[in-house]
Amino acid sequence: MENIYLAKQPILDRNKDLVAYELFFRANDQDESAGFENGLSATANVIVNAYGNLGIQNVLGQQRGFININKELIKSDLVSLLPNKHVVLEISSSEEIDEEFITLCTELKKSGYQFAVAGVTAINENMRRILPLVNIVKIDVSGLSKEALTNLVNQMKPWPVLLLAEKVESHELANQCMGIGFEMFQGYFYAKPENISGKRADPAKLSLLQLLTLVMSDSDIEEIDREFKRQPGLSYNLMRMVNSVACGLPQKVNSIKQSIMLLGRKQLQRWIQLLLYTTENSGNSESMDNALLKTAAARGKLMELVAKAERPHDKNYHERAFMVGILSLLDAVLGIEMQQIIDKLGIPEEMSQALLTHEGRLGQELKLVEATEAGEVKTIQSSLQELGFLSLEELTRLELESLSWVNRIGEAAN
């Protein structure tokens, strides 16, 4: 069977919650750009792969998908294959907007389709013709000064459109766009496009991050329960796991709320952290065959054991150390800057320093653990000397203990 590929990039709201994806054509799973000459062919591939091969629920979940269109595509009637509740039809600001194009778009608008116009940097006559039909304006914020951006946003006020900042690639630019009044955001600062291949999509990691935020922020069980119910697959896995470890109970666990209460917040938090590293491509979202998951789990456990060796009675410190270890690989997994993860989760200063700059006591311990993984003997020796409470022999013993723990949870999960 021929491999099929697609990419999607998250679109977030002002609370950094996922609201949509933009879908892109990919020729293979290594592509980082579309790499096509024919726009109609590329979009046709996106439609066929998303709806026919991969399954739209696997690709988008409950979110809408932004799909690039042009006049040629609309005239081909391919758009009629797309359910209007699933898509936003995205027109390039460079597209020539003539009367025929306006007529075609007007008919689609009457049929319930929504439109976005992308790559906007100014309002010209071309733009003025299409704006009455548009729901969302995607402004390319990468090359505009703050003054030019503010002026452009003000010029948009006569039209009842939502403003989306695209190509947001720094924390400073994200804050600037937030202050100006954009409602939606897209760009490498939040996440790079994620390549999808095969028959199933990667899990909704941003949804997991939202769930982790709720658990860490001491949200009430009702709110956590509601979030789980939005993700049926995750709910099933949670109850399956709780039932497998609670076999001494007189009856099976049959509700999310009961599962959360039995598992406890600490274990629930750890389970979600580990799930962030899993992929559905293995066919099992809890699979411990994932190399990155094993590394994250081992790193978190070794951090915890090192922290216990330093402060045997400080359980909060042990937990912070475990979290630093687990979270230290999350930026690579999500394609999001570490600073954004820290902001999203409300991580304390001591942990933030460790994750961003390897400073502070936890930062020194993270540096030691990373050096241990990489076998960097000189760094290990200097880190042990700086910390001053652990010998090389003791570190080796703790490393073996952490790997044994990873193997045990791997057996339980599989």
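Reader: Let's start with helix 14 and helix 18: is their crossing right-handed or left-handed?

Author: Happy to! To judge handedness, look at how the near helix is turned from the far one; clockwise by less than a right angle gives a right-handed crossing. In this predicted model, helix 14 and helix 18 cross in the right-handed sense.

Reader: At what angle do helix 14 and helix 18 pack, and how far apart are their axes?

Author: Helix 14, residues 315-327, packs against helix 18, residues 360-374, at about 50 degrees, and the axes are 10 Å apart. Angles of 65 to 115 degrees count as roughly perpendicular and those under 35 as roughly parallel. The two helices are therefore oblique to each other.

Reader: Which residues in helix 14 and helix 18 meet?

Author: On the helix 14 side you'll find Tyr317, Arg320, Ala321 and Val324, and they meet Arg361, Leu362, Glu365 and Leu366 of helix 18.

Reader: Now for the rings. How many aromatic pairs are there?

Author: A pair of aromatic rings is described by two things, the distance of the centres and the angle of the planes. Here the count is two aromatic pairs. One of them joins Phe228 and Trp271, with 6.4 Å from centre to centre and 15 degrees between the planes, and this pair is stacked. Phe228 sits in helix 9 (residues 221-229) and Trp271 in helix 12, so the pair ties together parts that lie 43 residues apart in sequence.

Reader: Are Phe228 and Trp271 buried or exposed?

Author: A residue counts as buried under 20% relative accessible area. Phe228 has 0%, so Phe228 is buried. Trp271 is buried as well, because its value is 8%.

Reader: What about Phe322 and Trp405: is that pair stacked or edge-to-face?

Author: Phe322 and Trp405 are edge-to-face, with their centres 6.1 Å apart and 90 degrees between the planes. Phe322 belongs to helix 14 and Trp405 to helix 20 (residues 392-413), so this pair links parts 83 residues apart in sequence. Both Phe322 and Trp405 are buried.

Reader: One last spot, then. Where does Leu276 lie?

Author: Leu276 is in the loop between helix 12 (265-275) and helix 13 (291-310). Its relative accessibility is 0%, so Leu276 counts as buried. Leu276 and Leu209 are 67 residues apart along the chain, with 7.6 Å between their C-alpha atoms.

Notes:
Residues are numbered from 1 along each chain as its sequence is written. This is a predicted model: local features need pLDDT of at least 70, side-chain atom pairs count only at pLDDT 80 or more; totals for chains, interfaces and linings use all residues. Side-chain values use heavy atoms; hydrogens and water are left out. Axes are lines fitted to C-alpha atoms, for helices over the stretch in contact, and angles run from 0 to 180 degrees between N-to-C directions. Helices (H or I, at least four residues) and strands (E, at least two) are DSSP runs, numbered from the N terminus. Angles under 35 degrees count as roughly parallel, over 145 as roughly antiparallel, 65 to 115 as roughly perpendicular and the rest as oblique. Contact means heavy atoms within 4.5 Å. Buried means under 20% relative accessible area, exposed over 50%, partly exposed in between (1.4 Å probe, protein chains only). Rings of Phe, Tyr and Trp (its six-membered ring) pair if their centres lie within 6.5 Å; planes under 30 degrees apart count as stacked, over 60 as edge-to-face and the rest as tilted.
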